[in-house]
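Biologist: I am new to this one. Please take me through the terms one at a time and show what each rests on.

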Amino acid sequence: MRKMLLAAAAALLAMPAAAQSVKIGFIATFSGPAGTLGQHLYDGFMLGIDDVGGKLGGLIPEVIKEDDQLKPDVGLQAAQKLLQRDKVDFITGIVFANVMMAIYQPVIDSKTFLIGANSGPSPIAGARCSPFFFSSSWQNDDPHAAMGKYLQDKGVKRVYLMAPNYQAGKDAISGFKRFFRGEIVDEVYTAVNQPDYSAEIATLRSAKPDALYVFYPGGMGINFVKQYAQAGLVKTIPLYSTFTVDATTVAAQGDAAIGMFGTASWTVDLKNPANERFVADFRKKYNYEPATYAAQAYDAAQMIDAAIKAVHGNLSDKDGLRAAFKKADFKSVRGPFRFNNNGFPIQSYYLYEVVREDGKLLELNRGTLITDLADAYAKDCPLK
């Protein structure tokens, strides 16, 4: 009997103990013209923790916030610190694709789960996919592909394209062209955080396209839309965009943004219980309108909570965590979706219009453009 008791005690000691806390590294752009995007991301994530009871999977969360300054080298240093010194269990956040490309390999090589809450560059969606990466947002191309489909279905013949010259800008143009079959009058890449677009606007004016499609997030979008309106082109060359006119920019863009259309996998007025709770709680806690960044990061917190619950707090159970992430067993603010083999969502995309309602500028849903859209790169991912 004594031997049996000793054996049982030894077995209990050998079992992996559930953690009492969980460390989350949160990397985003918090400074400069794009700092608002990182703040939306962070506020959404922290609200997500609040709305699951202040813990993640029953564990006390320690969220370590790092500003990448929209500089890949700074983002890489932040990731290395989080992995080597802070010993985080997960890394999430990441607004911009150039930062994601800098940190992606070191994070997944460490077998730490990377939960992308915004950026989804194409190079990590195909052959470089990883079982340690999941996205709570989208693959970069897809929101732009939805707009390309919309303008194709609308019968627009000639489109002029503009985006910043980095990975997400290139993915945006590539995504738009996936479904658009008309003439691309020109595709112009501008500097990241470029403040003045007067020369480019003059060139596109002379090209006389039927429509202009742009991707200019954050401060870039504020400057571009205001300058475009000042040039008097809004009524002659309609402007369509993604992540250019949204809750992070419309206050500064003002009436120049009214009537403009964009695409997203989430809108503030989606009718489902999870989204209605999220929007109400976000407005109450932060006193401003949530953008897609906040919604995606809120879902990231829900994803991590569900995964930790599934392994009963045993953070060393990587296979169990991976299976739980892939299952996506939580109520997303975007409504139902599922993960593709490469860790990116297969989901619906919506058209929204900027309107003034009750004195506020809002982006309201104008219908579903495409359902169950899977990115074009998953076929090259070797994962099942």
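Biologist: Which elements each supply at least two residues of the lining of the largest pocket?

Modeller: This is a predicted model. Helix H9 (250–253) and S13 each supply at least two residues of that lining. S13 gives the most, with four residues.

Biologist: What is the volume of the largest pocket, and which residues are the closest to its centre?

Modeller: The volume is about 250 Å³. There are 17 lining residues, and Ala247, Val250, Ala251, Glu289 and Leu361 are the closest to the centre.

Biologist: What makes up the lining of the largest pocket by class?

Modeller: The lining has ten nonpolar, three polar and four charged residues.

Biologist: Why is the pair Cys129 and Cys381 called a disulfide?

Modeller: The S to S distance of Cys129 and Cys381 is 2.1 Å. The cut-off is within 2.5 Å, so the pair counts as a disulfide. By this rule the count comes to one disulfide.

Biologist: Where in the chain do Cys129 and Cys381 lie?

Modeller: Cys129 is in the loop between strand S4 (113–116) and strand S5 (133–135), while Cys381 is in the segment after strand S13 (360–373). They are 252 residues apart, and the pair links distant parts of the chain.

Biologist: Why is the disulfide of Cys129 and Cys381 called right-handed?

Modeller: The torsion about its S-S bond is about 80 degrees, so the disulfide is right-handed.

Biologist: How do you know whether Cys129 and Cys381 are buried or exposed?

Modeller: Buried means under 20% relative accessible area. Cys129 has 10% relative accessibility, so Cys129 counts as buried. Cys381 has 6%, so Cys381 counts as buried.

Technical notes:
Residues are numbered from 1 along each chain as its sequence is written. This is a predicted model: local features need pLDDT of at least 70, side-chain atom pairs count only at pLDDT 80 or more; totals for chains, interfaces and linings use all residues. Side-chain values use heavy atoms; hydrogens and water are left out. Buried means under 20% relative accessible area, exposed over 50%, partly exposed in between (1.4 Å probe, protein chains only). On a 1 Å grid over the protein atoms alone, a cavity is a set of points where a 1.4 Å probe fits but cannot get out, and a pocket is an open set with protein on both sides within 12 Å along at least five of seven lines; lining residues have an atom within 4 Å of a point. Grid points are joined across faces, edges and corners, and a volume is the space filled by probe spheres set on the points. Ala, Val, Leu, Ile, Met, Phe, Trp, Tyr, Cys and Pro count as nonpolar, Asp, Glu, Lys and Arg as charged, and the others, Gly among them, as polar.
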